[in-house]
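Hello,

I am handing over the structure we discussed. Please find it below, with notes after it.

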Amino acid sequence: MAQDARSASEPVAVTLSVNGETHSVEIPPSATLLDVLRERLHLTGSKKGCDQGQCGACTVLVDGRRVNSCLQLAVMNDGREITTIEGLGRPEELHPLQAAFVAHDAFQCGYCTPGQICSAVGMLDEGHAHGPEEIRELMSGNLCRCGAYTNIVEAIEEVRSAREAPTLKTPKLEAAE
Amino acid sequence: MSNVHPYVGRAHPRVDGALKVTGRAKYAAEFFADGMVYAAAVPSTIAKGRIVSIDLSTAKGAPGVIDILTHENRPELPDSDKPYLNDMVAVPGSPFRPLYNDRIFYSGQAIALVVADTHENARHAASLVTATYEAKRPTVDVAEARHEAYDTFEPRDGIPPPPPPRGDAEATFKGSDIKLSESYRVAPEHHNPMELMATTVVWEGDGALTIHTKTQGVNNPKMYICAVLGLDPDKVRVTSPFVGGAFGMALRPHYDLLLATMAALKHERSVRLVLTRGQMYTMGWRPDTLQTVSLSAQDDGTLTSIAHHAIQATSRYEDYQEPTVNWSGLLYACPNVTLKYELAKIDVSTPSDMRAPGAALGLYALEVAMDEMSYRLGMNPLELRLKNYAEKDQNDDKPFSSKELKAAYEKGAERFGWSNRSPEPRSMRDGKELVGLGMATGCWEAMMMPHSACATLSADGKLKVACGTADIGTGTYTILAQIAADAFDLDIEDVTTEVGDTDLPMAPPEGGSWGAASAGNAVRVACAELKKELLTLARGIDDSPLANASLDHVAFSNGRISLVSDGERSVSYADAIAASGGGEVKAEGSFAPDEEFAEKFAAFTHSAVFAEVRVDEQLGVVRVTHIVSAIAAGKILNLATARSQILGGVVMGMGMALHEETMWDKTLGRVVNANLGEYHMPAHADVQNIDVIFVEEDDKANPLGIKGLGEIGIVGAAAAIANAVFHATGKRVRELPITIDKLL
């Protein structure tokens, strides 16, 4: 099938559903989901750390599954439900994982944090993590140069075990003294 | 002082936490402006030589391209180094001038800047720029350059050269029966913060610019860019409210700042330039360092001589320096010490400070040599350290301002279970894994820098404190809010902190662990000044119940200024503010280190690090299963953020010990693993159990007793792990990282 250079750069109309809102955008076919989220929809919560699927900072949820948005062309996601960190919770109404990250000081610079949290949401839904050791293994695609790993695992484990418990526990909001 | 301290000393959650976990914290590449265009830098494909020609014809015809700048067509730049030296972290030499001429100093050097309408078009066009070069063979391995090592460089500002020799280390060593002399090497590392280097220049019209750039201190890029591009400082504002990690790499301005600003000025429009992960390897790095440590001792373990020699890589154009060997004259009591520090030039970009610059390298070598000596003596490694414990700083012949290292050793050893260690290497085992226990000591200077801050209290009881420092993840926002909340006995929810903006009171770049002590004390002073203002206002109110009150006799609590002796006599903050005729009262305060104190005392932080590793005997896979880091670092302001600082340092130390290595191709002079897949830094699966212990010290170097924590966590960590690997395997690997191939 012949493809000329013009059609490769011709903008494509795409409808993206992000955090429950519908966005109709004209984008180059080469645009990644990450760049469209950040530069065109101004949803900068999803971070660019490597742009090649090696760091996990850009992790978002697509139809509930965690994906590296830098490895997705935006056009592939037409019609899919995308959830970014902005859609998980707001400062005044945090998602349980967001609250647990604050309580456990599970970040320092905060740059990998949205990806860690989105990845953790997806990972817990996958249902393969049953304790810290599996969390460590299954979260290894999300790098943290500040080295907050032990606190991240504690935060995720707290939410995971609360989910498994018969009654829902709310994560503690203040770290222990 | 009348106030109590309900916040300082507690594990208070980060005040910026909610913004970070919800993606609302804005980093340099996350600001927008109408009509903003995108830039992409084109890297050189050679490491040394000259550009002969650049072919822009294809790139210029690519969709969306607005302009392509090269050294041939760029706007005018200064033809001397002088303006470029307006960098508070500059090192001796001739600073790198981006896009200045045809000379190539290192692989990946930016040779062109593409400006296009979209990010995608800029990136695509950048891939179409080609160049021809006159290439020379580069040297990128410091071992190949060691025969040209020199110590005739101009000393770097703030970096003490090695102290002169004391005693006669050489003769003592020669005459000793118990001695060792070994060479050590630590592979070059890159900081690799998660956030890419980025600058967004917002064209505000009429030559005014707001520059959002990744930096550890906004005043430095502002000073630099104004000097280099001849801009009016009144028309340039630099902000960096959130920094996605830096670890030293964002102390100096990098080429993204100059290139993006140049493009914005030329086109009179807003420009965003984000470097790629690969381009993160074209700037500062932890220099490749060759070290030799020679020790001699009496049979009771008393050290009789220490000699430490380091040769460190630097670039062709600058003499970057770190305090690498000085620690060997400081950490242990020893009468005969010779320290030597040299540089060797290679064809790379200038190294830069990376978490505990110098100490992380020098103390790795010293602490592994000490471990080797402990086996030579048949002595417990911890006993050997205690035997040679330094009660004063022998480099400068000064007592320590405080030093609770002994307590750190003791508490760390207890928590770790050091007494369970069997002395012989390869003597501990768990199934198919060899178990090793090792320890090491860490040390870092407790520094301070002049800082200013302001505090503003408004009639509604809200307090704002501000300082032009940075929070690179260290917790600055939070500790400044804690200090300020305590000063006025306010709920911390009513306190906001502002940092990272050149509109705020002056601060230098944040680094060297001086941030908390310096900015913290500046905020303390600003709050004290604000109290004075408020009391003056309160006293001036008609029939004031505080008419004759002096500052020493009043308390600021519960929203009121009250006489300590008679709490009924008081004026509310709101009434005092109302007396000013405005809705708020603001005061500024400055802090500078106490030079007199520094003349008399040496101030350092210390750590005792204990590591347990498990090594698969067949596969050589090393797992770090337990670390205890016991820290003696003055007053701890926030147990949560302080602990996180240490955890981060330890994890980076694990990377240094076992994983991290920037590899240059020796023929091309190019980093071959310039990505996060092949440059392995610790991931979740690598990090298990880390205990942090704080041994508090009562230190008088500053009124808050703060020493700083950013560096100390990494110092000693790699040595403790390396020593544990020896204890597990009986194999001494003297080149970091200890990868599987070196163990098999």
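Predicted model: local features only at pLDDT ≥ 70, side-chain atom pairs only at ≥ 80, totals over all residues.

Residues are numbered from 1 along each chain as its sequence is written, and chains are lettered from A and ligands numbered from 1 in the order in which they are written.

Chain A gives 55 residues to the contact and chain B gives 53 (contact: C-beta atoms, placed from the backbone, within 7 Å). On the chain A side, 25 residues are nonpolar, 18 polar and 12 charged (nonpolar: Ala, Val, Leu, Ile, Met, Phe, Trp, Tyr, Cys and Pro; charged: Asp, Glu, Lys and Arg; polar: the others, Gly among them).

Chain A splits into domain 1 (11-87) and domain 2 (88-164), with bounds from an automatic or database domain assignment. Their C-alpha centres are 21 Å apart. Domain 1 of chain A puts 17 residues into the contact between them, and domain 2 of chain A puts in 15.

In chain B, an open sheet of 3 strands runs in the order β4-β2-β6, with antiparallel pairing (strands: DSSP E runs of at least two residues, numbered from the N terminus; pairing: at least two DSSP bridges). β4 (103-104) and β6 (130-135) of chain B are at the edges with a single partner strand each, so one side of each has no neighbour in the sheet. Strand β2 (residues 49-55) of chain B pairs with β6(B) over 6 bridges, and B:Ile51 is opposite B:Tyr133 in β6(B).

Regards

Technical notes
Contact = placed C-beta atoms within 7 Å. Helix = DSSP H or I, 4+ residues; strand = E, 2+ residues; numbered from the N terminus.
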